[in-house]
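Dear colleague,

Please find the structure below, together with a summary of what was found in it. I would be grateful if you could read the two side by side.

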Amino acid sequence: MEPLTIRGSHGTFFTPTISFASNGVCEIAGESYLEESFEFYDNLIKWIENYFEEGNKNLQLSFRLTYFNTSSSRAILDLLTTLKEHQDAGKEVTVNWYYPDPDNDEMRMEAEDYVDETGLEINLISYPV
Amino acid sequence: MFLKDMYFTNYKSKMDFNLLDYQTRMEEGYKILLYYKGPFDELILTKIGNYLRTKFSQTPKAGSKIFAIFIEMAQNISYYSAETDLFDDSVKTYGIGTIVVNELADSYKLISGNMVTHDIAQEIIEKCRAINTLDTEGLRNMKKEMRSLPRRDDHKGGNIGLIQMAIKSENPLDVETKAFDEVHAFLTISTTIDKKDL
């Protein structure tokens, strides 16, 4: 599986940094406010689909987002739903959600909402800022 | 009488509408941090967003709330304002509207205003009414419910911007409309962030 990397940028839009490695260790970091949120996250979903289709069994996805708008939040939900489906199908899926402390953007709350919506287990990990 | 007619014939005398005649009023007790009227293209949106963040770099909690609410208001205008259609439907343009950020002694106030059709205005009023009956827990549930609905072709996002504004501000959304003409109304949505929560 070819790794997928997108360097985050803070231009007209805020693109998160994407690092999806061949060994299934993946990370989404930074800020997410995009022109086409669905298109952006659908590409990540496609990568994950292909990764599991190739016979891989384990995937770890870490979120280190400090801001995302509501359009991104809807697209991220689809990404997490995809992971839940693969987990239900017997794949080993680990999701880590890093949130800053103090948590001005209430990132922990966002993760809790995703847990409720998807049924996916998400490890909530705080880091000092 | 429609707002349109008042605007042209009677602008300064009787308007009680506080965004359109904003610049003519000299009220005490607040400071204007931002007043923008125009198209909400991506560049403007990001520039103003970054400006607000920089402005609040010493009070990051206020900054992140104001920034988050601003982005949702601005995107609503950019995607859904009817004003581009009203004056220029020949080229692909961005929605036109106004966003104001005021600082008061004990709060910050964000106000957005733009043209919408009467149908949309009614839809938004009802949505805000539902939002205003809920506490944070209720808003989070509503957000989850809405976000889990299937994607809609006419929405670029989760259709949860208004709910997110209410969650971030921890205050009701004040919504007001004035009929502009037979088709359009001027829609104002405002919300307050209390400094004591920051």
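Is A:Arg108 buried, partly exposed or exposed? A:Arg108 is partly exposed, as its relative accessible area is 33%; here buried stands for under 20% relative accessible area, exposed for over 50%, and partly exposed for what lies in between (1.4 Å probe, protein chains only).

Some conventions apply throughout. This is a predicted model, in which local features need pLDDT of at least 70 and side-chain atom pairs count only at pLDDT 80 or more, while totals for chains, interfaces and linings use all residues. Residues are numbered from 1 along each chain as its sequence is written, chains are lettered from A and ligands numbered from 1 in the order in which they are written, and side-chain values use heavy atoms, with hydrogens and water left out.

The interface between the chains

In total, 29 residues of chain A are in contact with 33 residues of chain B, contact being heavy atoms within 4.5 Å. About 2,800 Å² is buried between chain A and chain B, and carbon and sulfur atoms give 43% of this area; buried area is the accessible area (1.4 Å probe) that two parts lose on being put together, summed over both. A:Thr70, A:Arg74 and A:Asn104 supply 21% of the area that chain A buries against chain B, more than any other three residues.

Between chain A and chain B there are 11 salt bridges, each a side-chain nitrogen of Lys or Arg within 4 Å of a carboxyl oxygen of Asp or Glu. The count of residue pairs in polar contact between chain A and chain B is 20 (both at pLDDT 80 or more). A polar contact is a pair of N or O atoms within 3.5 Å; within protein, one must be able to donate a hydrogen and the other to accept it, and residues adjacent in sequence count only if both atoms are side-chain atoms. On the side of chain A that touches chain B, helix H1 (37-53), helix H2 (70-88) and H3 of chain A each supply at least two residues. H3(A) gives the most to that side, with 7 residues. Helices (H or I, at least four residues) and strands (E, at least two) are DSSP runs, numbered from the N terminus.

A network of salt bridges

Within chain A, A:Arg108 forms a salt bridge with A:Glu112, with 2.9 Å between the closest N and O atoms. Both residues lie in helix H3 (residues 107-118) of chain A, 4 residues apart, about one turn of the helix. A:Glu112 is partly exposed at 27% relative accessibility. A:Glu112 also meets B:Arg140 in a salt bridge (3.0 Å, N to O). This pair joins two chains, because A:Glu112 lies in helix H3 of chain A and B:Arg140 in helix H6 (residues 136-147) of chain B. B:Arg140 counts as buried, at 10% relative accessibility.

A salt bridge also links the side chains of B:Lys144 and A:Asp116 (2.5 Å, N to O). B:Lys144 lies in helix H6 of chain B and A:Asp116 in helix H3 of chain A, so this pair joins two chains as well. B:Lys144 is buried, with a relative accessible area of 10%, whereas A:Asp116 is exposed at 53%. Through shared partners, salt bridges join A:Arg108, A:Glu112, A:Asp113, A:Asp116, B:Arg140 and B:Lys144 into one network.

A buried aspartate in chain B

B:Asp194 lies in strand S5 (residues 184-194) of chain B. B:Asp194 is buried yet has no salt bridge. A polar contact of 3.1 Å joins its side chain to that of B:Asn171.

Yours sincerely

How values were computed
Lys, Arg positive; Asp, Glu negative; His and termini not counted.
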